[in-house]
Each structure stands twice: as C-alpha cells, then as structure tokens.
Amino acid sequence: MKDAFGAPQSLLVLGGTSEIGLATARRLIARRTRVVWLAGRPSPALTAAADSLRALGADVHTVPFDALDTESHEERLGKVFAEGDVDMVLLAFGVLGDQARDESDPVAAVRVAQTNYTGAVSAGLVCAGALQAQGHGSLVVLSSVAGERARRTNFIYGSSKAGLDAFAQGLGDALHGTGVHVMVVRPGFVRSKMTAGLAQAPLATTPEAVAAAIELGLRRRSETVWVPGALRMVMTAVRHMPRPLFRRLPV
C-alpha cells in the first residue's frame, strides 16, 4: 500500500496555509512524501507556502479552495484525485473567530460555524468518497480539545469543533473496513499566528509538536490523537465535572 507505515507518497492539505498543515507536510516530505497539494484561497501566502515545500524537494501544486464555497468542493477536489491516488488528506482549515464580537454579531458567528463545521463536512465527504474509490488512504481531521466541553470564553468556536469531531468519528466508523483510515487529532492551545495575542493555556503546544503526533498516529493507525497526550486525562476530568463547578473554573 502506498501509504504504509504512516509515510504517504502523496498528500493533500485542505487549508494550504495552515501552520500545522505545513509543519506536517515538512515532516512527511523528510520521510517519503513526494507530491503535495495545497488547497486554499489563492494568495501570496499560499504561493509562498508552496515555494517553501518545493525547496525541500517535493512536487507541489496548489488548488483553489474555499471552505465556504461548498458547491465547488466536489469539482475542485475531484480534479486533485483525477491526477492520481492521494495517500493522505489533512483537513486543517478553520477559524478561531472573536467570541466577544461574535456573540453580538450572528453573521460573524455563523461564518465560524460554516467554516469549521459545514465546510469540513462537505470537503470531508468529498475526500472520503474519493479515498474509498481508490481503495486506500488516510483522512486526518484537525479537531480541538475545545470541542470536548464548551467554555464560556469560546463556546462558538468550541461548538463548531464539537460538531466536527462527532462528524469525523462517525465518518471513521462508516469507512471502517474499506481501506480508508480516519484519524481525529485534538490539540490543545497551539502557539501559532491564529492564537497570537491570546493568553497561553496550560499544556500549550506547537505546530511542529502536532505534526510529530500526527506522524506517530499514522504509523500506529490511531483513531484519536491528543496533543499533548496528557490532555486526554485532563479533558476526561473536565468533561465529567459538575456544571456549577465547571462554571467557576478560570477557563
């Protein structure tokens, strides 16, 4: 199998300028990946991302992709799979939003939900169908610990990630036995451009650490990966905490 031992020969990153997506691509290129597709809105940042991976020796292509333009997903992503088998798809796009603003701006709140959930459902199903048709491959979905339990300070973002997480788990069950592997990745607070200026949470991580966890998870054929691993026990406790007590936590 082309993507055996967690070392895919070809990679499609949905969210082509994602820091986690690019860190993962760099790590996989250093091992075995030779063809990379970066899907994202055309921009200087997407062009620069492609150039940076080409400098590592990969054959890199870009494809126009907008999470909100769901009607275009089947056509545009279908063209990628028409070029040849894709061993791994990394669903890495998403927006954090601004909780304080979005609570009073329903249009902005809906945009967060549509990007993180609706767009992911559309793109995820398109790619899952293509992977199933070719008979092999991995679909890696970037979720978040924020989806484990909605917090007062980011429940709009957290609820969108909760929906995405549930969708990805169900999709993994639906594809079990087909040769397609679905892996859900739940990072904690990631120090990146998206979180710049925010107070750093405990057990914060980096895009590079998430990339390393993704690679290890692929090799192990894991279904769920926590980054860092200690968050699994922490979030188990948080998820079962009585609501009155949870409300008093400084989160």
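Helices (H or I, at least four residues) and strands (E, at least two) are DSSP runs, numbered from the N terminus. The structure is a predicted model, in which local features need pLDDT of at least 70, side-chain atom pairs count only at pLDDT 80 or more, and totals for chains, interfaces and linings use all residues. Residues are numbered from 1 along each chain as its sequence is written, and side-chain values use heavy atoms, with hydrogens and water left out.

The second largest pocket holds about 250 Å³ of space. Its lining comprises 14 residues, of which G172, D173, H181, V182 and E223 are the closest to the centre. Both α6 (155-175) and β6 (180-187) supply at least two residues of this lining, and α6 gives the most, with five residues. (A pocket is an open set of points on a 1 Å grid over the protein atoms alone, where a 1.4 Å probe fits, with protein on both sides within 12 Å along at least five of seven lines; lining residues have an atom within 4 Å of a point.)

The aromatic rings form a second topic. A search of the whole structure finds one aromatic pair (ring centres within 6.5 Å; planes under 30 degrees apart are stacked, over 60 edge-to-face, the rest tilted). The centres of the F65 and F93 rings are 5.5 Å apart and their planes stand at 50°, so the pair is tilted. F65 lies in the loop between β3 (59-64) and α3 (73-82), and F93 in the loop between β4 (88-91) and α4 (99-102), so the pair ties together parts that are 28 residues apart in sequence.

Conventions:
Rings of Phe, Tyr and Trp (its six-membered ring) pair if their centres lie within 6.5 Å; planes under 30 degrees apart count as stacked, over 60 as edge-to-face and the rest as tilted. Grid points are joined across faces, edges and corners, and a volume is the space filled by probe spheres set on the points.
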